[in-house]
Amino acid sequence: MDRKNSEKEGVYNKIKNMLKRAGYKGEYAVFWYIAFQIAIPMILSIMTAIYRDISIAIAVFLILSINVFYLVYKKGKKIAKQLEQSVYRIYKYLHNQVSAGVKVTDAIRSVYEVVDNKELKEILIRFTARYELTLDIDESLEDFCSYFNTLESETLAVAIKQGVDTGDNQNILMRQEEVMFSKYLNYIQMETENTKNKAAWSMIFFMIIIIIMIAVPMAKDMEEALKLIFVN
């Protein structure tokens with residue numbers, strides 16, 4: 001394969017993996033993504049250039065194209081965030097199972113039960129199903145990590161692989177459970193602070209609106225009163 005084809009294949013795979021992390025795994029996912037991000041904005045921008053103005057046409061293309069990319073990217077980040085928030089439960093479950101004498105290979109078959117998020121649960125079910133069918137932990141974990149591309153997924157993969165390969169990953173599961181639970185508490189605290197800040201800004205914005213609603217009529221009344229005084 002020549003260099004040009006290799007580069008094209010690389011771009012295709014990058015788009016495919018980005019869509020996969022956002023939950024779009026259909027056969028034509030890349031085609032539809034390119035259509036919505038490039039083809040449709042291009043057509044609309046050409047029409048805008050013909051009937052309106054070239055600068056507006058460029059703005060239309062950029063806004064639509066960037067918006068499509070952002071929506072896909074944001075959804076991928078949301079799914080990765082779900083793993084970050086739930087991974088301590090996975091470590092805790094696996095640690096409890098291994099401590100009770102259950103093999104790691106048996107424990108991972110039901111690990112999806114400890115998460116609440118639908119998309120994350122489906123990814124874990126797909127991982128366990130793939131492993132049961134192939135008995136290839138490396139391939140199964142590689143596919144699992146491809147949905148997230150984060151440090152949390154890589155670390156979880158290392159812990160699971162160590163348990164499958166050696167049968168002894170109790171210590172790493174315990175350490176990671178403590179670390180990730182601490183991160184989860186920090187996340188909850190940060191979310192609480194963000195909620196408070198949003199509520200405060202919402203209150204300020206609401207008060208500004210009320211002040212404007214009161215001040216504008218008062219200013220008009222004063223203006224009318226001044227006019228009457230100077231006229232008289």
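Let's start with Asn149: at 55% relative accessibility, this residue counts as exposed. For the cut-offs, buried is under 20% relative accessible area, exposed is over 50%, and partly exposed is in between, with a 1.4 Å probe and protein chains only. Asn149 sits in the loop between H6 and H7, and its phi is near 55 degrees, a positive value in a residue other than glycine. As background, most residues other than glycine have a negative phi.

Before I go on, some housekeeping. This is a predicted model, where local features need pLDDT of at least 70 and side-chain atom pairs count only at pLDDT 80 or more, while totals for chains, interfaces and linings use all residues. Residues are numbered from 1 along each chain as its sequence is written, and side-chain values use heavy atoms, with hydrogens and water left out.

How confident is the predictor? pLDDT is its confidence in each residue, from 0 to 100. The protein averages 81, and 93% of the residues score at least 70. Residues 1–8 are another story: pLDDT there is below 50, and beyond near neighbours in sequence this stretch has 2 contacts in the model. Contact here means heavy atoms within 4.5 Å. Where pLDDT is low, the predicted coordinates should not be read in detail.

Now the overall picture. We have 8 helices and 0 strands, with helices being DSSP runs of H or I of at least four residues, strands being E runs of at least two, and both numbered from the N terminus. The radius of gyration is 27 Å, well over the 17 Å that the globule rule gives for 232 residues, so the protein is more spread out than a compact globule. That radius is taken over C-alpha atoms, and the rule is 2.2 Å times the number of residues to the power 0.38. Along its principal axes, the C-alpha trace spans about 100 × 50 × 25 Å. Of the 232 residues, 31% count as buried. Looking at contacts with a separation of 6 or more, 56% come from residues 24 or more positions apart.

Back to single residues. Leu135 is in the loop between H5 and helix H6 (137–145). Its phi is near 55 degrees, again positive in a residue other than glycine, and Leu135 is exposed, with a relative accessible area of 61%.

So which residues are buried? Leu120 is one, with a relative accessible area of 0%. You'll find Leu120 in helix H5, residues 118–134. Leaving out residues up to four places away in sequence, Leu120 touches Gln82, Leu83, Ser86, Val115 and Phe148. Compare that with Leu44: Leu120 is 76 residues from it along the chain, and their C-alpha atoms are separated by 36 Å.

Glu152 is buried too, with a relative accessible area of 12%. Glu152 lies in helix H7, residues 151–166.

Last stop, helix H8, which covers residues 170–231 and holds Ile212. Is Ile212 buried or partly exposed? Partly exposed, with a relative accessible area of 47%. Ile212 and Val111 are 101 residues apart in sequence and 55 Å apart in space, C-alpha to C-alpha.

Conventions:
pLDDT is the predictor's confidence in each residue, from 0 to 100.
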